[in-house]
Amino acid sequence: MQKSEYPGGNYDQRTSSSAQIKHRTTVQRSKSSSLASSPEAARRVHPRPSDKLNPKTINPFGEQSRAPSAFAAIYSKGGIPCRLVHGSVKHRLQWECPPEILPFDPLLITLAEGLRETKHPYTFVSKEGFRELLLVKGASEKAVPLLPRLSPVLKAALVHSDDDVFERGLSALVQLSAVVGPSLNGHLKLLLTSLSKRLTDKKFKEPITSALQKLEQHGGSGSLIVIKSKIPTYCSICC
């Protein structure tokens, strides 16, 4: 009897081709499984606590699509006399010298400009540096002369489209009012325009109302007149 042959090749050739296809499929599945179980993939599925602590961190090895901001450039050159100390629970600033002896001009203005940053560590350094500088003894006397230059910078943070930037600007405004008191009243009109617009957003209604109350508390009756002129719906804390 003659052995039967299949068209286009014998049986052994077809069996070999089928085995090769199965082998390639198995290798591809094995690679996909390895990628899915890699540490990088695990971090994407289960983010580390430090990922939340350091949001939007600058990647020094990544390509930057834009030139660094003025604040970032100053910080990278050591123009901000403090450095970030990373902690397991929270970060803190370590000043190169006591903040009490530092001149507010231009440091306080530079830190206020940094409030518009959206990347770590600039966001933390600017926010915490601004707060700590205003806590030093004699801060009022140093800050009041800078109000004409500080107010436009704070307004730029308050009109920013990024919600986190707005919140940092709002917090800085309240901190400044607590230090300079009624001296800020003459600049409130410039600063309150953006607050009246944000009040339409429900998530900002409570923090803005709280900020306005503190502005009135620190600025007295003079601040209430300005607040009511810009935000007629505001209810005074004295009512």
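Predicted model: local features only at pLDDT ≥ 70, side-chain atom pairs only at ≥ 80, totals over all residues.
Lys214 touches Val174 and Ser177, leaving aside residues up to four places away in sequence. You will find Lys214 in helix α11, which covers residues 202-230. Is Lys214 buried, exposed or something in between? Its relative accessibility is 37%, so Lys214 counts as partly exposed, because that class holds the values between 20% and 50%. Now look at Leu173: Lys214 and Leu173 are 41 residues apart along the sequence, yet 9.9 Å separates their C-alpha atoms in space.

Next, move to Gly186, which sits in the loop between α9 (163-180) and α10 (188-198). With a relative accessible area of 70%, Gly186 is exposed, because the cut-off for that class is over 50%.

Finally, turn to helix α6, made of the twelve residues 122-133. How far apart should its ends be? At 1.5 Å a residue, α6 should span 16 Å, and its end C-alpha atoms are 16 Å apart, so the expectation and the model agree. Which residues of α6 are buried? They are Tyr122, Thr123, Val125, Ser126, Glu128, Gly129, Phe130, Glu132 and Leu133. Buried here means a relative accessible area under 20%. Because nine of the twelve residues of α6 are buried, this helix is largely enclosed by the rest of the structure.

Technical notes. Residues numbered from 1 in each chain as written. Heavy atoms only, no water. Helix = DSSP H or I, 4+ residues; strand = E, 2+ residues; numbered from the N terminus. Expected span 1.5 Å × (residues − 1). Buried < 20%, exposed > 50% of the residue type's maximum accessible area, 1.4 Å probe, protein only. Contact = heavy atoms within 4.5 Å.
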